[in-house]
Every structure is written in C-alpha cells, then in structure tokens.
Amino acid sequence: MAGNLLLGIALIFSIAAIISKRVKIFSAISLIAITLTSSYLLFLILTDDFSFSYVANYSSINLPTAYKISAFWAGQLGSFLLWLLFHSIAGFILTFQNVNQSSIKIHNFLQTLLIILILIKNPFELNEIAIADGVGLNPLLQDFWMAIHPPIIFFGYALLAIPYSLSLGNLLTEPANPNFLKLSRFWTLVAFAFLGAGIFVGGYWAYKVLGWGGYWGWDPVENSSLVPFLICAVLLHLINLAKSKPSVTITVHLAAIFTYSLVIYGTFLTRSGILGDFSVHSFGNSNIGLAIAVVNAIVLIGGLIILMMKLQFLPKGKMYESFNEKSFIILLGSLILIFISVIVWIGMSMPLLTSAMDNPAAVDTNFYVKTTSPLAIVMAILIVITFRKFKIKTIGGNVVHLGVIFGLISIFVSSSGETVSQELIPNVENDLIGHKIIYEGQIFSDDGKEKFYVYKIDGDEVRALTKLKSSGEDAAREPAILKNFFGDIYIAPSAKNIESREIILERKKFFAGDDYGYIFKESEIETDDEGQPELVKVKISITDGEMIEEIEPTIQVTAIGGNSEPVKFFNGSKRLRLTGISGDENKIRVEILPSLETISSMPITATISTKPFIWILWLSAVSIVVGTLISIKR
C-alpha cells in the first residue's frame, strides 16, 4: 500500500535523524515522505476512491470540492496526519536555525511517536464492503469555519513541540545554547497566536453556526485546547522574565514540558472514547487511546527526568526582590493562570478520574464559572496594575493585554443578557425581552436541502438556517442573529416533531389511509457489479376517491442504510417516503408526511436571548492574535 509505504519511509528517516549526524538531510527526506503521504490521501479523497475506508466514511461523490478538502482532517486519522505534516514542516525549518543537534533530535523523536500513532490506526485501510458514493461529511462540518478551524488548531499544537524540543535539547547540551530563550520566545509566540486564533475561531463557529446559544460551553474538547493555551501564556511570560532573572530558567523548562504534554493529554481525552458520553464533538471509542496514553507518559515523564538530572546545572537565586517588583507581578499572574488551568484540567478530566469508580461523571458549567471567575477578575486587576505602575514597553504586548482586559469585561457583560423560551405562532407579534418579534414561517430551498425560519425583529428580517437530510429530517441548525451596536439578538429555533404515519403496503393490495388509498404495484432493485443492492424503485398508485396518481419513490442504498427523499402527491398536499422493502419484494414500508405548507404554518419553540456588546469579545480576540503577531515581528 503506497500510503503505508510512505509512512514507513518517513518513520525510518525520522529515526535516522535521531541517531545520525546528518540531521538536516534525513529530516528533509522524512518531510518529503510525509508530504507525499498527505498528498496521496488528499488525492484519494478528491478522486472519490471509496475503496478506502477513510475516504468512504468522510467524503461522498456529491460533496463540494472545498468540503472534500476539509474531509482530509474531518476524521481522527486525517487530523493526526495533518498534525504530523505541520510538525515535520516546522521541524525542517528548525534545522536552518541556530539550534543545537539535541533539540532537532528531540523534535524528530516526537515526530517518530506521531508516525507510530498513525501507523497503529492505519488511515489507508481498505473497505471490506464496497461503498458506491461514500457516506459523506457530517452536515455540521460542512461549513467555512470547519475548513479553517482544525488546521489552525493543529498548527498551534505542532508548533508547541518546538519549545519542548528546544528546552530538552538545551538541557542535554553542554554548554547550554545561549540562543535558547530567543528561539523559544519566537516559536512560542507563533504557537500562541495560532492556537489562540483556532480557539477563537472555534468559539465564533459555535456561536454563529452551531446555534448552541453561546461561544463557549466548557465542553471537555474545548477545554483540551484551552489548557495548553493558558500554560503557553505562562511559558511566554516566564521566557521574557528569564532574560533579566536567570533563576526563572528552571520554570521555563517546566512550563515548556507541561505545555506540550498537555497537548498530548488533551488528544488522549478527546480521541480515546472516554468523553463519548460527555462531549458533543469528541471521537468515539478507539483502540488508539492506550497508545496515546503511552506517548503522553513518555513525553511528560521523560521531560521531567531530564530536567531533574540537569537541575544542579541551572541558574539559582531569587526570582524577585520585593512584592513591588514587576517580576513578582508577572510570577503572580503566571501562578493564577496555572490555577485556572488546573481547575479546567480537573473538570475536563472528571470522566476519566471517576471511571475508576465505575461511575463516570462530568462537572457542569457552573463548576467552571464559579471557580474561574474570581481568578479571572484578579488577573484583570494585575494587568491594570502592570499598565499603571510598570508600563508594558512593546506595542504588541499592549495590544494583547488590552485585548485580554476587554475580553474579560465583554464576557461578563455579554453573559448578563436576557433569555426566554417561547412558542411562536406564525405571523403573530410577540413582545419579548424588549423587542417585537414576529415568526413568519419556514421557507424551503428548491433542492430540498435547506429550510429557513424567517423572523422579523423590530422590523428587520433575519433567518435561521437548517440543513436537511435527504429524508427531510433536520441535520444541522444555524441560529438567526440580528447584530447592532448594543449587541446581538439571538434566536435558536427548535421545531416540533413532524407528525408522520408509517404504513406497510402489500403488493397489489389496497390500503385505506386517513385521506387517501394506496396500492403497491411493482418494484425493481438495481445492483452493482458485485450483485449488491444499489437502488430500490417502487410504483405506488394513490387515490383520493375521485382521481388516481402514480408516484415512484426510491431508496438509494448506502453503507449505513439508505437515502430516501419524500415524493409529493396530489399537488403537494402530502408527501410519501419509501423506507424499506421485504426480501421477497412483496411488502414495502412507507412514511406519510404532511405537506411543506403545513410544516411552514406550524408553531415552533424558540430560545431568544440578547448578547449585550458581544462584538467587543470578537474585537478583543482579534486584538490578542494581532498583538501576538506584532510581538513575533519584533
């Protein structure tokens, strides 16, 4: 298999880079092999090669090209391969910088572990059963933000391996490289910018698209990115402080080790299946969980052992002289960030910690809010003190810290809005949370793939989008949001269950329904080259007592069942969907659905809320990333 062969080559040369002096050449060959592996998987996706399990499960023949590209990282194996690609690119760039050989060897060692993880799972596994058109990408993931959110996050993850490698490489080198802090600062800033951008984009995606009612739900998968991001902020401050206080160097090494170890730990939590019952977007049970846990132990324990062995050679002394010193404020702020990280770590790890008692449980959002809010307030006060008393000398630093202050303020302000759940009857005006809201009904797209809930808020029209399955069922929802200077009015609809009736029709026998009579006349099953059913067609006659109409509903057979679109009859007064056929083809199961007009006129329940000045939060997120980028340039 070409993909696995290329991964094997990458593994061999990553190991060679660890044990050989020709680090740059072997790193380059490994990068080429990893790039070809990634290109090969993308080629398989773009050419609809559904003989491969990964391609069939995450892509489909009708999927737009942009989403086929994002299908590359939609699954567990593809996202690991993307991570590996970014890791190898960053590592190759590292070989051209003033870095000691030990650091590059450590980085290749981490690369070797990533390759082994991918080989254990095998992204190029062939399908045992042929899948004609592919299962396709989850409708929730068919979105612009999905196309950019995971790559940004994984680029941040990959870059955090460099401060880790520089730290251990510096510890293993005698004498230590004096360029260590400068290089660590650069790469940590880049990682911080990308990981922060990925988290902020994910928050906006959740708010704007997924309709969860907010930008952050303290979900364990969200927290698994937040914890290393916070420790990365600690690492940055310690690196800057170590330039003037060499005794801080010990804590720099410690923070670098824990930052990357927490990346691996978060990956273990989200991809082992432990969070399957506690997170809305974690991966299911996987045999890769144990392997990730072993890698996590190697990265953390190995790093700590090296640090302990070299502890006696590191600078000693006081980290600050008095409580009025800037060093003390920085260290206190770093300690508060660590406290917040520990709290979030405990919360997100609770399913794992409680599973030992055979009763896995998770904490709710109140746990995080009540425990972290006081610490966040203290953090804001420390930043203000730093501004007033000590000044922040760099433009980038000022932009970032102002963004943090305004971000914290906007979190408290935007969460003070009102929320109400209300049943809305079409074309009836409602006075809710200080606004006049009219629900005007539902509009269906011509291709039947989308529907819109139409509202008027104080005279302005907004629409909530719902993506539909081929059966007409809801697949993914987006809220309706009216934006203005004072904040957003946010409407998340929740449609009532559509009343339908399922009936069994026997061939050539008349069935009398509520308003119509049905006769199943004939059927036809088309098969593929291997004799497997591919398409089921039936003919049904329907009468209202005066007229007769014939329809031909179908089922497109897929690997996970089948797709069946409702067929209108009698000018769309009702719809019929074929849902099954017996082995002898003498019976069929059909579902009778109301007309689209009937659905559109049904009342709905909607959650309506205000988000005061939430635009300040988005602005502060942008300023944090931009400020970090300015600091990188400096």
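The legends below describe close-up views of a predicted model. Local features need pLDDT of at least 70 and side-chain atom pairs count only at pLDDT 80 or more, whereas totals for chains, interfaces and linings use all residues. Residues are numbered from 1 along each chain as its sequence is written, and side-chain values use heavy atoms, with hydrogens and water left out.

**View 1. Crossing of helices α5 and α6.** Helix α5 (residues 76-94) and helix α6 (residues 101-121) have axes that come within 10 Å and cross at roughly 160°. Helices are DSSP runs of H or I with at least four residues, and strands are runs of E with at least two, numbered from the N terminus. Axes are lines fitted to C-alpha atoms, for helices over the stretch in contact, and angles run from 0 to 180 degrees between N-to-C directions. The two helices, α5 and α6, are therefore roughly antiparallel (an angle over 145 degrees).

**View 2. Residues between α5 and α6.** Contact means heavy atoms within 4.5 Å. Residues of α5 including F80, W83 and L84 meet a set in α6 that includes L110, L114 and I118.

**View 3. The open sheet.** Five strands, in the order β2-β3-β4-β5-β6, form an open sheet with antiparallel pairing. Two strands pair if DSSP finds at least two bridges between them. β2 (429-432) and β6 (474-477) stand at the edges with a single partner strand each, so one side of each lacks a neighbour in the sheet. On average, neighbouring strands of this sheet are turned by 35° against each other, direction ignored.

**View 4. Strands β3 and β4.** Strand β3 (residues 435-444) runs antiparallel to strand β4 (residues 450-457), and seven bridges join them. F444 stands opposite K451 in β4.

Key. Angles under 35 degrees count as roughly parallel, over 145 as roughly antiparallel, 65 to 115 as roughly perpendicular and the rest as oblique.
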